[in-house]
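Here is a short report on one protein model. Look over the fold, then follow the headings one by one.

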Amino acid sequence: MNIDLTNKNALVCGSTAGIGRATAIQLAKLGATVTLVARDQVKLKETLIELPHDKGQKHNYFVADFTNPQQLKDKVEVAVSNKIFHILVNNTGGPKGGPIFSAEPDEFEKAFSMHVICNQILAQAVVPGMKEADYGRIINIISTSVKQPIDNLGVSNTIRGAVASWSKTMANELGQFGITVNNVLPGFTATDRLDDIVANAAKRMNNTEKEAAEAMKNLVPARRFAQPGEIANAVAFLSSEAASYINGINLPVDGGRTKSL
């Protein structure tokens, strides 16, 4: 099974922490040359140093804030003028939690822009090169909420579902060019984002964060939270030649928590 990514270029968004950082490291371990994208230059430089370069890769980064789609467009256009990207990993932090009824309209607009519009900008930038290379992998890290909405994440449930539909439609259009588009759906994963969710759950349930975390783990057949690297492993496989006939899917990596098939 060929999961060697030598001579492949990967663009990884949200790559200075959590799942994005773990994904960047894993792709580099497999031989890919990685371009990191995030808004914090200090953290980008720190992550860049951590990337393996055993196969002579020259990793780099660019700074972009996904609340500013035009800035992202300008930056990625410069990046694709210098190289073809074979792999795009769309990964953006989710909207804040809360009931959907309480959400302000501008929360939906901001989240739609950060997730759907920015994904579209990135895809339009990298796909011409993927077509030229006859190889492309677009992987969107979203949420199990596209299969089973999660309580108290109203805006996120809505926008993640929009990304899933965007992705499936893109997969249908691009498959003929050797480009696959898939979604990875992380379950509860040990990241800063999960820390916030646990803290909010503790407040709602009027108990400790430790108790809230244990209650959440009990919802998972594996009885634990995932590590970011476990999500990254799924992304790495979908990025590889071995996954060439997997297209347009939602892949839960959730320890079995999602109830639906």
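## Overall build

The protein has 8 helices and 7 strands. Helices (H or I, at least four residues) and strands (E, at least two) are DSSP runs, numbered from the N terminus. The radius of gyration is 18 Å, close to the 18 Å that the globule rule gives for 261 residues, so the protein is as compact as a globular protein of that length. That radius is taken over C-alpha atoms, and the globule rule is 2.2 Å times the number of residues to the power 0.38. Along its principal axes, the C-alpha trace spans about 55 × 40 × 40 Å.

This is a predicted model: local features need pLDDT of at least 70, side-chain atom pairs count only at pLDDT 80 or more, and totals for chains, interfaces and linings use all residues. Residues are numbered from 1 along each chain as its sequence is written, and side-chain values use heavy atoms, with hydrogens and water left out.

## Surface and contacts

How much of the protein is buried? Buried residues make up 49% of the 261 residues. Buried means under 20% relative accessible area, exposed means over 50%, and partly exposed lies in between (1.4 Å probe, protein chains only). The protein exposes about 12600 Å². Carbon and sulfur atoms supply 51% of that area. Accessible areas come from the Shrake-Rupley method with a 1.4 Å probe; for residues, only the protein chains shown count as cover.

Now take the contacts (heavy atoms within 4.5 Å). Among contacts with a separation of 6 or more, 74% are between residues 24 or more positions apart.

Start with β1 (9–13). This strand is mostly covered, with 5 of its 5 residues buried. N9, L11 and C13 point one way, while A10 and V12 point the other way. All of them are buried. β1 runs parallel to strand β2 (residues 33–38), and 5 bridges join the two. Two strands pair if DSSP finds at least two bridges between them. Which residue in β2 stands opposite V12? It is L36.

Next comes strand β5 (residues 136–141), also mostly covered: 6 of its 6 residues are buried. β5 pairs in the parallel sense with strand β4 (residues 87–90), over 4 bridges. V89 has I139 in β5 as its bridge partner.

A disulfide is a covalent bond between the sulfur atoms of two cysteines. Here, the rule is a pair of cysteine sulfur atoms within 2.5 Å. By this rule, the count is 0 disulfides. C13 is in no disulfide, and the nearest cysteine sulfur, that of C118, is 8.7 Å away.

C13 is buried, with a relative accessible area of 0%. C118 is buried too, with a relative accessible area of 0%.

## Salt bridges

Side chains of opposite charge can pair when their charged atoms come close. A salt bridge is a side-chain nitrogen of Lys or Arg within 4 Å of a carboxyl oxygen of Asp or Glu. How many does the whole structure hold? The search finds 5 salt bridges. One of them joins K55 and D4, at 3.2 Å from N to O. This pair links distant parts of the chain, 51 residues apart. K55 sits in the loop between α2 (41–50) and β3 (60–63), and D4 sits in the segment before β1. K55 is partly exposed at 45% relative accessibility, and D4 is partly exposed at 38%.

Another bridge joins K73 and E77, with the closest N and O atoms 2.6 Å apart. Both residues lie in helix α3 (residues 69–82), 4 residues apart, about one turn of the helix. K73 is partly exposed, with a relative accessible area of 33%, and E77 is partly exposed at 38%.

E214 and K217 also form a salt bridge, with the closest N and O atoms 3.7 Å apart. They are 3 residues apart in helix α7 (residues 209–217), so about one helical turn separates them. E214 is partly exposed at 37%, and K217 is partly exposed at 23%.
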